[in-house]
Amino acid sequence: MVFREYLKTTFPGLVLKPSLYHQWDIRIHFEFGEGMYQYNNDGSLNLEMFERVYSQASSIFNYLFSEEDEIILATNVYHRKSYKNNRRRVKVYERFLKNKDVKYKVKVETLPFAFDDEEEADEYYTSQFSVKCRKRDINYQLLLKASCHEDFPLKPKFGGNNGSYYPDVFFINVSKNIIFFIYDDRGCEVIADNKEVIRTLYKAYKDWVAE
């Protein structure tokens, strides 16, 4: 199944970008580390909070993705048009895929800038990478952490090229028709084509659901 066709058929009208929650009716928005802050009073990073965030992200991921589920790992990289050699994979697929055979199957598509800022739309474009894999093919614990580290000097980190925004990584469960996206350390979004999937997830982690 072609990735673009899958999205069009299963999630018609959806643009794969942050704020999935505002585009789709069957959805949950989770908050991570509620009541905790990224920094301690002395200005140092609150590593206890980050450990809680990692645990929450991992719990939701493992609930949604089984070992046998077919997954599409998709990544949006937002490039400034004036920079050359911007189509590199920004250390997402080389570093976080364990299966070497899968690494060579990564596909890329050039798309318009994903956001509604007209000024930046003229300066940026989106490279969207995607690859089919299984849970066992991914260093998913490290991927989840890197997704939470966007604004902080913590490792692992996706890194980036000059002129690029921090990439957005989407975990798409093709077997269950679920999209899971961590936008940063503050939380994640889950959308699905089936209300029952969302219902059971809500019951399991309702204490983390955003108001």
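Predicted model: local features only at pLDDT ≥ 70, side-chain atom pairs only at ≥ 80, totals over all residues.

How many nonpolar, polar and charged residues does the lining of the largest cavity have? I count by class and get 7 nonpolar, 1 polar and 2 charged residues.

**Cavity.** I searched the whole structure and got 1 cavity of 30 Å³ or more. Its volume comes out at about 50 Å³. I listed the lining: Ser 147, Glu 150, Phe 158, Tyr 166, Pro 167, Asp 168, Val 169, Phe 181, Ile 182 and Tyr 183. The elements giving two or more residues to this lining are β5 (168-173) and β6, and β6 gives the most, with 3 residues.

Next I looked up the second largest pocket, which has a volume of about 200 Å³. It is lined by 14 residues, and Pro 18, Phe 115, Glu 150, Tyr 166 and Asp 168 are the closest to its centre. Strand β6 (residues 178-184) turns up here too, with the largest share of the pocket lining, 3 residues.

**Helices.** Then I checked helix α2 (residues 47-64) against helix α6 (residues 140-148): they pack at about 125°, with axes 10 Å apart. So I put α2 and α6 down as oblique to each other. Their crossing is right-handed. On the α2 side, the contact is made by Phe 50, Val 53, Tyr 54, Ala 57, Ser 58, Phe 61 and Asn 62. On the α6 side, I have Tyr 140, Gln 141, Leu 144, Lys 145 and Cys 148. Sorted by class, the contact of α2 with α6 has 8 nonpolar, 3 polar and 1 charged residues.

Note on methods:
Residues numbered from 1 in each chain as written. Heavy atoms only, no water. 1 Å grid on protein atoms, 1.4 Å probe; cavity = no way out; pocket = protein on both sides within 12 Å on 5 of 7 lines; lining within 4 Å. Points joined across faces, edges and corners; volume = space filled by probe spheres on them. Helix = DSSP H or I, 4+ residues; strand = E, 2+ residues; numbered from the N terminus. Axes fitted to C-alpha atoms, helices over the stretch in contact; angles between N-to-C directions. Parallel < 35°, antiparallel > 145°, perpendicular 65-115°, else oblique. Left-handed = near helix turned anticlockwise from the far one by under 90°. Contact = heavy atoms within 4.5 Å. Nonpolar A, V, L, I, M, F, W, Y, C, P; charged D, E, K, R; others polar.
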